[in-house]
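The sequence and structure come before the text.

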There are 2 protein chains.
Amino acid sequence: MGESAQGLVLALAGGVGGAKLALGLSKILPPERLVIVVNTGDDEEFHGLHVSPDLDTMTYTLSGLYNPDTGWGIAGDSFDTLEMLNRLGADTWFNLGSRDFATHIRRTDLLRNGATLSEVTAQLTATLGIRHAIVPMSDQPVRTVLDTDAGTLAMQEYFVKHRAEPVVRSIRYDGAADAQPSPGFAAALRDAATIVICPSNPFLSVAPILAVPGVRDAIAGHGGRRVAVSPIVGGAAVRGPAGKIMAELGADVSAVGVAREYRGVCDLLALDCQDAGIADAVAAEGIEPAVMPTIMETDDDKIALARQVLELAARAEATA
Amino acid sequence: MGESAQGLVLALAGGVGGAKLALGLSKILPPERLVIVVNTGDDEEFHGLHVSPDLDTMTYTLSGLYNPDTGWGIAGDSFDTLEMLNRLGADTWFNLGSRDFATHIRRTDLLRNGATLSEVTAQLTATLGIRHAIVPMSDQPVRTVLDTDAGTLAMQEYFVKHRAEPVVRSIRYDGAADAQPSPGFAAALRDAATIVICPSNPFLSVAPILAVPGVRDAIAGHGGRRVAVSPIVGGAAVRGPAGKIMAELGADVSAVGVAREYRGVCDLLALDCQDAGIADAVAAEGIEPAVMPTIMETDDDKIALARQVLELAARAEATA
């Protein structure tokens, strides 16, 4: 294997940024060497259907259905179903395409028939030809809830309905105390040689995963290499409200702030080249910095970053 | 009012044929003078969603959304949702358009939140601008089940999946014993001056309505005029499998056979002009025949037949 890490890679991810790196990992690792664990704290019921935004972004990305123009949904999808629901009096502030609805209909039907979210996700990803494991963080409901100056908001309400505008005072993960890691997640926590924290929102995507009982401890005590990629580049989030929320919660909107969030669950933090100047400050937080290009636009970018992250883990392993 | 009947008109209907006459009635009667009661024996769950084929045909017809080319669904609808469901491994033998799915999603969501089928139907029809009352025959589930040479089949399985090909041996209406007429149906049975049995399948559309406890007795003892329109013209059903099923069940495939089915719940039977020769045979069944053009292609045809049916009831009333 040369400079690439050996053994199983466990990737923790939220939505778009996480899916980009996960796609890169899936292009260079065989299915048996990668488990992608996805945040379900954003899951919500719309029109009586179970919607899992991050699982769907990951699934659509790895299956090639993803719409790069919007950042959500399926490329070329129509909105016939949503428009008709609106006409029928439903509240349709959350955008859902007609093909996307099929995913939610199918998921809800299978869940109501007794399947777990893990089982449903395995079935949906398999039917779309995805060979790598995409696994929800938990089969029990965990819901990210934001206390804001516009009131208490569920994640999608905050992010979509209120366009991430309200000031966030605190975040909690409802249901986390009663949740367990999904079976696939628990097995990967036990077996992984390398843990990769993808460039997702530390508070809204990664923290809900870490809030599932036993997860933080398992990662903290993990014997292998733990590498994160900073979602904050040049003092701002590459995408989404991570920077705004970090600032509102009093965190440093930089890779240093990210390093502080990941203290105890991460050995190495990949920083973008434009943040080379704060590498020492990251090191001062007890996390080893590694400077590399982290902006992923093309599939080649995603593969290149995935390769660098795995090489970083392998080098760290060799020198450990 | 001259030659038109006075008072409330209660129309009993199934799918396409019934919806045509109901549309005609709705064009000449104000909302407070018409209640359209629709068969729900064909209702079925697809993909975890409650589908009410006859209620939807009626709703789409009266709202102008109806697709005249297919006989079901919404004109111009796409099949994005269904195609994606198929890709996700769902069994998609029952055609459902993307906009049509919105109806089933909304209905299911409202039902799961505790609304009755009557309440849901009132809400859906109102949002589509329908001012006349469309009412399910019952808020409890009644399911038309056919015993055939291909096994026991639910109505949609028989009609769509098996294209109405299996030989029907008997028909039952599961759940009918535990059902009640919906509140709107019960009120109309009490208040109607005229009952119109639309040209729907006697066994698959009208019989389930009559099978709801108390309905047959209420119509049998009804003091007003009861007019039916034969769905069998020239020895064959105008549309659908009514003729085939009547033959398989040993009934005469003619207006005479229809008259026999409606004995006790009907005073007058409208026959198409081409069946003028069997008017006497209808009379011999104790039901007064009335010969008129009954084939409805254009909206003008629907209005003309509705007008003739109401005039027939008014004349009968005047001579009673």
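## Strand β2 of chain A

In this predicted model, β2(A) is mostly covered, with five of its five residues buried. The cover extends to both faces: A:Leu34, A:Ile36 and A:Val38 are buried on one side, and A:Val35 and A:Val37 are buried on the other. Buried here means that 20 or more other C-beta atoms lie within 10 Å of the residue's own.

β2(A) has a pairing partner in β1(A), and the two run parallel over five bridges. Within this pair, A:Leu10 has A:Val35 of β2(A) as its bridge partner. β2(A) also pairs with β5(A), in the parallel sense and over four bridges. In that pairing A:Val38 stands opposite A:Pro136 of β5(A).

## The seven-stranded sheet of chain A

β2(A) belongs to an open sheet of seven strands in chain A, with parallel pairing and the order β5-β2-β1-β9-β10-β13-β14. At the edges are β5 (133-136) and β14 (288-292) of chain A, each of which pairs on one side only. On average, neighbouring strands of the sheet are turned by 25° against each other, with direction ignored.

Helix α1 of chain A, residues 16-28, packs on this sheet and touches β1 (9-13), β2 (34-38) and β10 of chain A. The direction of α1(A) makes about 160° with that of β1(A). Together, β1(A), α1(A) and β2(A) make a right-handed β-α-β unit.

Elsewhere in the sheet, β10 (residues 225-229) and β13 (residues 268-272) of chain A pair in the parallel sense over three bridges. A:Val227 stands opposite A:Leu268 of β13(A).

## A hairpin in chain A

Strands β6 (residues 143-148) and β7 (residues 151-154) of chain A run antiparallel and are joined by four bridges. They form a hairpin, and two residues lie between β6(A) and β7(A).

## Helix packing in chain B

Two packed helices are described by the angle between their axes and the distance between the axes. In chain B, helix α1 (residues 16-28) and helix α2 (residues 53-63) pack at an angle of about 40°, and their axes are 9 Å apart. The crossing of α1(B) and α2(B) is right-handed.

On the α1(B) side the contact is made by B:Val16, B:Ala19, B:Ala22, B:Leu23 and B:Ser26, and on the α2(B) side by B:Thr57, B:Met58, B:Thr61 and B:Leu62. By class, the contact of α1(B) with α2(B) has six nonpolar and three polar residues, and no charged ones.

## Contact between chains A and B

How many residues of chain B are in contact with chain A? There are 26, and they are in contact with 26 residues of chain A. The elements of chain B that give two or more residues to its side are α3 (80-87), α4 (98-112) and α5 (117-127). The largest share comes from α4(B), which gives ten residues.

By class, the side of chain B that touches chain A has nine nonpolar, ten polar and seven charged residues. Charged residues therefore count under the class scheme at this side of chain B, whereas the contact of α1(B) with α2(B) has none.

Conventions: Residues are numbered from 1 along each chain as its sequence is written. Chains are lettered from A and ligands numbered from 1 in the order in which they are written. This is a predicted model: local features need pLDDT of at least 70, side-chain atom pairs count only at pLDDT 80 or more; totals for chains, interfaces and linings use all residues. Two residues are in contact if their C-beta atoms, placed from the backbone, lie within 7 Å. Two strands pair if DSSP finds at least two bridges between them. Axes are lines fitted to C-alpha atoms, for helices over the stretch in contact, and angles run from 0 to 180 degrees between N-to-C directions. A crossing is left-handed if the near helix is turned anticlockwise from the far one by less than a right angle, and right-handed if clockwise. A residue is buried if 20 or more other C-beta atoms lie within 10 Å of its own, exposed if 12 or fewer, and partly exposed in between; C-beta atoms are placed from the backbone. A crossover is right-handed if, with the strands pointing away from the viewer, the path from the first strand over the helix to the second runs clockwise.
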